[in-house]
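Please read this briefing with the sequence and the model side by side.

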Amino acid sequence: MNHAGSPVASTSGSWGSRFDRWMHDKGARVDVPFYVYTAATLLAFVLMDRAMERFGKMPLVLYGQPWLVGAQMERLGWMPLLVLVLGCLWLARRGHLLAGWADWGGGRELRLFVVGLGALMVWPFATYGFNHFFDQGHYASRLMLIVLLGLSWWRPVFIFPLLALLYTVMGQLSVYALGGSILAHKLQVLHVLNLFAAAWFVRSLTGHRRVDVFWFLSLCLVAGAYWVAFLAKMQIDWFGYGKTFHALPAAYAHGWLGFLDAERIVAFVDLIRPFDGVMQFAVLLFEGGCLLIFSHRRVAAALLAALVVFHTGVFLLFGFLFWTWMALDAALLALVVSGRMRMPVDVFSRRNLFVSLLLISSAAWWARPPVLGWFDTRVNYTYKIDAHMADGTRVRLAPQFFAPYEDVFTMASFGYLVADHPLLVGPYGVSADRRVAEALREPTDAAGLLRIERELGAARFDAARSADFANFIKRFVANRNGSGPMGATWYALAPPRQFWSFDGSLPDAAVPIHAITVVEQTTYFDDHRIAVVREQEVAHFRIDSQVLAPGR
């Protein structure tokens, strides 16, 4: 087994292998090749990660085509495609693009890790519900995801088309800024896959076989995401405010644990309230401790295990089941501690600690993780979608009705529809404004809440986004009226939802929907009960029988 301080000879006479041997012959006391390949891989990752993000954002109209690969080719044009093909042919002939897993040190562990993460992404994007907004199932593209995943088990080079197609399929979820940040947990896994693609590209050019570079940067990337969240909390003095138990009443308003009555939720809040300070300290310890994840192998293992427990707590409080994030942390934990699936090289050396401190502390720039720092407050705004059926009934729609946009409608960040009053907080009752948090620290009555809202709230109404929302609802429901709940079999195979809600129901598909009403509910937790202090309609749309254009 080769360790970080022992350069590994390549199987060819490429400049990368010659550079490794030259440094070894010079008896370099510092592992220069490791840092050179780390810098090259990091640069390749930054470029590739940005490129994949741009690549996945196709124009809206192209998602109306049944074959997404063809849509992307049409978008790119023949010249970029020709350059890409010629570049791949050159790397295949002159480089190491087509090398197998066994050609890279630690191939078995690497293959299980990378293809396993790929499966985490293919599963939801191969099984999502029929997209009635575009009136497409994109079944051929989803089948190709499964094929490319299988091919990536055979050869690492297939990670490139797999990622390109994953970003393309995922792009349909954000073609409209409907509301809510719903992809952070998926992007974390995709970032690691992008990192592997970058590492394989550098390996294809240089011929080096140093897998320790990838393991080192993967841990830096994951630790950096938690470190950025830690900094965000420290900057707003999150620990001094407390009140994390307010998250549960807010999540309940969004439908989490909706099968329970409000009194039981209040009782559970009273149960966890005394442990608020302990929970906050633990979160800061776990997230902040990630800066020192390379101080020792046991420290890394303890942190990764604690982070899986942390995400379990997030699920209990918010109903956010970030199973992709948890699986990534668990896989890294297995690599660190397991005898069968261990890190094949030692990246926990003293000389790597200083570099890791630089990379983890600068992760906000090169890794661009989500900034997760806010105050949990007593007030919450939720937006319920009611369907007016052709038989005269009115049905509150479950978020799953809008699959594959169910996470968007669970998050329900639709404050831009509200024109008659300002808003104090975002979805799930969160705010990064210390003034708002302090004003809501102590309980008050409904009149006091509305006064605080007038004084500190912000106008969120946005006419353009409201028009986009109306177009989305009208087109989605009109298409569903015409075709029914297509793709239900695929959706039954989908993984667990990441944002859980037990609110609403699925209406009888045989009865058309004639209109949609959006109802805003303002709820308030006063330490004793969860009360609805305002309920009003903020939008109403008639559903035409004619299918609408996708919009801008």
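A nonpolar core is here a set of buried Ala, Val, Leu, Ile, Met, Phe, Trp, Tyr and Cys residues joined through side-chain atoms within 4.5 Å, where buried means under 20% relative accessible area, exposed means over 50% and partly exposed lies in between, computed with a 1.4 Å probe on protein chains only. The model is predicted, so local features need pLDDT of at least 70 and side-chain atom pairs count only at pLDDT 80 or more, while totals for chains, interfaces and linings use all residues. Residues are numbered from 1 along each chain as its sequence is written, and side-chain values use heavy atoms, with hydrogens and water left out.

- In soluble globular proteins, nonpolar side chains tend to be buried together.
- The largest nonpolar core holds 177 residues, and the members that touch the most others are Phe113 and Phe469. Helix α9 (residues 212-235) gives this core its largest share, 14 residues; helices (H or I, at least four residues) and strands (E, at least two) are DSSP runs, numbered from the N terminus.
- Setting aside residues up to four places away in sequence, phenylalanine 469 touches Leu178, Ile385, Phe409, Phe414, Tyr416, Leu417, Val518 and Phe541, a contact being heavy atoms within 4.5 Å.

**Overall fold**

- The protein chain contains 22 helices and six strands. Its radius of gyration is 25 Å, close to the 24 Å that the globule rule gives for 552 residues, so the chain is as compact as a globular protein of that length; the radius is taken over C-alpha atoms, and the rule is 2.2 Å times the number of residues to the power 0.38.
- Taken along the principal axes, the C-alpha atoms of the protein chain fill a box of roughly 80 × 55 × 35 Å, and 56% of the 552 residues count as buried.
- Among contacts in the protein chain between residues at least 6 apart in sequence, 80% join residues at least 24 apart.

**Cavities**

- Rolling a probe the size of a water molecule over the atoms shows where empty space is left. A cavity is a set of points, on a 1 Å grid over the protein atoms alone, where a 1.4 Å probe fits but cannot get out, and its lining residues have an atom within 4 Å of a point.
- By this rule there are two cavities of 30 Å³ or more, with grid points joined across faces, edges and corners and a volume being the space filled by probe spheres set on the points.
- By class, the lining of the largest cavity has eight nonpolar, four polar and three charged residues; Ala, Val, Leu, Ile, Met, Phe, Trp, Tyr, Cys and Pro count as nonpolar, Asp, Glu, Lys and Arg as charged, and the others, Gly among them, as polar.
- The second largest cavity has about 50 Å³ of space, and its lining consists of Arg480, Asn481, Gly484, Asp508, Ala509, Val511 and Ile513.

**Two residues in context**

- Serine 141 belongs to helix α6 (residues 139-154) and counts as buried because its relative accessibility is 0%. Beyond residues up to four places away in sequence, serine 141 touches Pro66, Trp67, Leu68, Val69 and Leu165.
- Aspartate 103 sits in the loop between α4 (78-94) and α5 (107-127), and its relative accessible area of 34% makes it partly exposed. Leaving aside neighbours within four places in sequence, aspartate 103 is in contact with Arg203 and Arg209.

**Backbone geometry**

- Most residues other than glycine have a negative phi, and most peptide bonds are trans.
- Alanine 403 and proline 404 are joined by a cis peptide bond with an omega of about 10°, and proline 404 is found in the loop between β3 (394-396) and α18.
- Alanine 412, although not a glycine, has a positive phi of about 50°; alanine 412 lies in the loop between α18 and β4 (430-431) and is buried, with a relative accessible area of 3%.
- Aspartate 527, also not a glycine, has a positive phi of about 85°; aspartate 527 lies in the loop between β5 (513-525) and β6 (530-542) and is buried, with a relative accessible area of 18%.

Technical notes. 1 Å grid on protein atoms, 1.4 Å probe; cavity = no way out; pocket = protein on both sides within 12 Å on 5 of 7 lines; lining within 4 Å.
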